[in-house]
Amino acid sequence: MQEKKQENSPIKKRILQYLSYKNISEYAFYKESGITRGILNQKTGISEDNLTRFLAYAQDVSTKWVLLGQDNMIIAKNNAAEHEDEFGKSSILREPECQFEFHKVTDEKVATDFYLKKYIEQLELNLNEKKEAVKEKEKTIQRLWEEIDFLRLEKSKIEKAMQRHERIKNDAPADDSDLAAAGESLTG
């Protein structure tokens with residue numbers, strides 16, 4: 001009977017890869033991050049608690065890379081703000097007041113689901129903000145169209161008054177009603 005060999009989860013492998021890349025010893029990592037000592041070498045998944053602690057510890061790591069193995073490992077300093085906006089890293093995973101109900105993450109699918117749920121929540125918030133902005137823009141556009149209609153009407157009145165004034169000025173035959181209307185248009 002063959003024994004099934006269990007490997008480290010892909011997320012743990014990426015965390016170890018990050019530590020190696022940054023030349024950080026596991027001892028120093030456990031001490032500074034507060035993650036349970038030896039957890040990265042166990043052949044189980046990683047809890048949301050430990051995953052959150054790692055992301056809080058490794059401020060320069062891409063959340064998408066840790067969870068999905070996609071994107072670059074390290075966030076470029078000039079792209080950090082853009083990355084945080086796009087993936088909601090600061091507002092979702094890094095806030096200390098953010099509380100999660102902790103369960104063991106036994107495989108990458110669960111971690112991916114967790115990440116996607118948080119990402120969708122952030123997208124929904126952004127969508128609602130955009131909808132409100134669109135409503136405000138629509139109100140502004142409606143007000144501007146009303147102002148345009150008013151100005152067109154005023155322009156038409158002024159043009160008629162100027163035409164009457166030109167007829168009077170050029171000694172064009174005009175009746176008394178034209179003179180009275182021209183006077184009213186220019187004064188009123």
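Author: Two residues are in contact when they have heavy atoms within 4.5 Å of each other. The model is predicted: local features need pLDDT of at least 70 and side-chain atom pairs count only at pLDDT 80 or more, while totals for chains, interfaces and linings use all residues. Residues are numbered from 1 along each chain as its sequence is written, and side-chain values use heavy atoms, with hydrogens and water left out. Of the contacts in the protein chain between residues at least 6 apart in sequence, the share that joins residues at least 24 apart is 58%.

Reader: In what order do the elements of the protein chain run from the N terminus on?

Author: Helices (H or I, at least four residues) and strands (E, at least two) are DSSP runs, numbered from the N terminus. The protein chain has eight helices and two strands. Their order from the N terminus is α-α-β-α-α-α-α-β-α-α.

Reader: What percentage of the 188 residues of the protein chain count as buried?

Author: Accessible areas come from the Shrake-Rupley method with a 1.4 Å probe, and for residues only the protein chains shown count as cover. The accessible surface of the protein chain is about 13400 Å², and carbon and sulfur atoms account for 52% of that. A residue is buried under 20% relative accessible area, exposed over 50%, and partly exposed in between (1.4 Å probe, protein chains only). Of the 188 residues, those that count as buried make up 28%.

Reader: At what angle do helix H2 and helix H3 pack?

Author: Two packed helices are described by the angle between their axes and the distance between the axes. Axes are lines fitted to C-alpha atoms, for helices over the stretch in contact, and angles run from 0 to 180 degrees between N-to-C directions. Helix H2 covers residues 26-33 and helix H3 residues 48-57; their axes are 10 Å apart and the angle is about 100 degrees.

Reader: Which word describes H2 relative to H3?

Author: Angles under 35 degrees count as roughly parallel, over 145 as roughly antiparallel, 65 to 115 as roughly perpendicular, and the rest as oblique. At about 100 degrees, H2 is therefore, relative to H3, roughly perpendicular.

Reader: Which residues of H2 and H3 make the contact?

Author: Ala, Val, Leu, Ile, Met, Phe, Trp, Tyr, Cys and Pro count as nonpolar, Asp, Glu, Lys and Arg as charged, and the others, Gly among them, as polar. By these classes, the contact of H2 with H3 has three nonpolar, one polar and two charged residues. H2 supplies Phe 29, Glu 32 and Ser 33, and H3 supplies Arg 53, Phe 54 and Tyr 57.

Reader: How many residues apart in sequence are the parts that the pair of Tyr 18 and Phe 54 ties together?

Author: Rings of Phe, Tyr and Trp (its six-membered ring) pair if their centres lie within 6.5 Å; planes under 30 degrees apart count as stacked, over 60 as edge-to-face and the rest as tilted. Four such pairs are found in the whole structure. Tyr 18 and Phe 54 make an edge-to-face pair, at 5.5 Å centre to centre and 85 degrees between the planes. Tyr 18 is in helix H1 (residues 10-21) and Phe 54 in helix H3, so the separation along the sequence is 36 residues.

Reader: Which residues form the aromatic cluster?

Author: The ring centres of Phe 29 and Tyr 57 are 5.1 Å apart with planes at 75 degrees, so this pair is edge-to-face. Phe 29 is in helix H2 and Tyr 57 in helix H3, so the pair ties together parts 28 residues apart in sequence. Phe 29 has 0% relative accessibility and counts as buried. The cluster is formed by Tyr 18, Phe 29, Tyr 30, Phe 54 and Tyr 57.

Reader: With which residues is Ile 24 in contact, leaving aside its neighbours within four places in sequence?

Author: Ile 24 is in the loop between H1 and H2. Its relative accessible area is 21%, so Ile 24 is partly exposed. With those neighbours left aside, the contacts of Ile 24 are Leu 19, Phe 29 and Tyr 57.

Reader: Is Asn 23 buried or exposed?

Author: Asn 23 is also placed in the loop between H1 and H2. Its phi is near 60 degrees, a positive value in a residue other than glycine. With 72% relative accessibility, Asn 23 counts as exposed.
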